[in-house]
Amino acid sequence: MNPNIYWQAVVAKSQIMSDIFVYAVKTTGIYCRSSCSAKTPKRENVEFFQTWHEAETQGYRACKKCHPSGESIAVRQHRQMIEACELIQANNGELGLVDLAAHFAMSHYFFQRVFKQEIGITPKQYSNEVKRQNMTQVLQNRDKNIIDVAYDSGFNSVGRFYASVQANIGMTPTSFRHGGKQMQIYFALSECSLGYVLVASSHKGICNISMGDDLEQLLQDFQDIYPNAELVANDTDFNAVVAHVLEKIEMPKTQLQLPLDIQGTAFQQKVWQALMKIPVGETRNYTEIAELIGQPTAARAVAQSCANNRLAVAIPCHRVVRKNGDLSGYKWGVERKRTLLEREQFSQK
Ligand SMILES: [Zn+2]
């Protein structure tokens, strides 16, 4: 590459270029990254090298400020944030931001920024997700009663444990254990222009809308979500609900007048609420949704929340596409996504 470009990078203290080459200063015998905070040397004293090895071969020593030898800053930060995730997991999500940052000799402000950049969510959100997963695991261990589980998980009161499970998992420990056992869930299978549809409702509202080509698979997936709930099929009163949902699928402008039983983490709920505000006939990309909920770097977590949506069409995750217009995936098949979007555009004309 043209040395003038390297030189401009040095003058500008370029971050982007800092992993691409090093510059060495003849008068000091030290070599640096372009991003180094050291005083900019005179142009005539500077030599450029593609790799730090070459600089060392020429007798230069690595700068103590910018550590130009070894892994690049980007690679190191990536490795550190993976390590941070492991650390959070090892501590059951209980490690505070200041302690975490201290482990990497970073300020907590900087640590939080790098973490969010690398992982897509904040350390706090990641910790909550770890807690949620751990709770899910301990609750699945049926050899222990819930009070023991609460104390084993480090809670000093059962009440706090209940509150935390409810906040993190979206149902009480007992409901979770029973796979929704106290719940009666009404469901019906039907057919529409997009294939088979399964609609289900708890006493709170519609809790599942899924679509597929294979009736048995559809039913199996549904049962897997509520292994112990009492599933009530073909209830006459429920047929009216199903009819209304089908209408919404066939005619996008129909307002769904039914309560929804939306279960998910606080983050998922935020994403889903944002999706419900996308007007019929329009789309947003994952980053735009992340920005809308005030977490601009959480695009990957947004995509994950779309994939965890249980309420097809009612929570319009089909209106979220890639930045370049690609449809990206759809839990119920990308062809259905395409059809839904085309239909909505047509309904706007
Ligand atoms: Zn330096």
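Student: Hi! What should I know before I start?

Tutor: This model is predicted: local features need pLDDT of at least 70, side-chain atom pairs count only at pLDDT 80 or more, and totals for chains, interfaces and linings use all residues. Residues are numbered from 1 along each chain as its sequence is written, and side-chain values use heavy atoms, with hydrogens and water left out.

Student: Thanks. Which protein donors hold the zinc ion?

Tutor: They are C32 (SG), C36 (SG), C63 (SG) and C66 (SG), at 2.2 to 2.4 Å from the zinc ion. Donors are N, O and S atoms within 2.8 Å of the metal (3.2 Å for Na, K and Ca); water is not among the atoms, so sites may look incomplete.

Student: And how are the donors spaced along the chain?

Tutor: The spacing is C-x3-C-x26-C-x2-C. C32 lies in strand β2 (residues 30–32) and C63 in the loop between β4 (61–62) and α3 (73–90), so this pair ties together parts that are 31 residues apart in sequence. Helices (H or I, at least four residues) and strands (E, at least two) are DSSP runs, numbered from the N terminus.

Student: Is C32 buried or exposed?

Tutor: C32 is buried, with a relative accessible area of 5%, and C63 is buried too, at 9%. Buried means under 20% relative accessible area, exposed over 50%, and partly exposed in between (1.4 Å probe, protein chains only).

Student: New topic: which residues of α5 are buried?

Tutor: F111, V114, F115, K116 and I119. Their cover includes α3, α4 (97–103), α6 (123–140) and α14 (299–307).

Student: Which residues touch the most other members of the largest nonpolar core?

Tutor: In that core of 54 residues, they are F111, F115, M211, I249 and L275. Helix α11 (residues 236–250) gives the most to this core, six residues. A nonpolar core is a set of buried Ala, Val, Leu, Ile, Met, Phe, Trp, Tyr and Cys residues joined through side-chain atoms within 4.5 Å. Another core, of 15 residues, lies apart from it, and Y23, V25, A38 and F48 are among its members.

Student: Last one: where is Q80?

Tutor: Q80 sits in helix α3 and is buried, with a relative accessible area of 12%. Leaving aside neighbours within four places in sequence, Q80 is in contact (heavy atoms within 4.5 Å) with F104 and M106.
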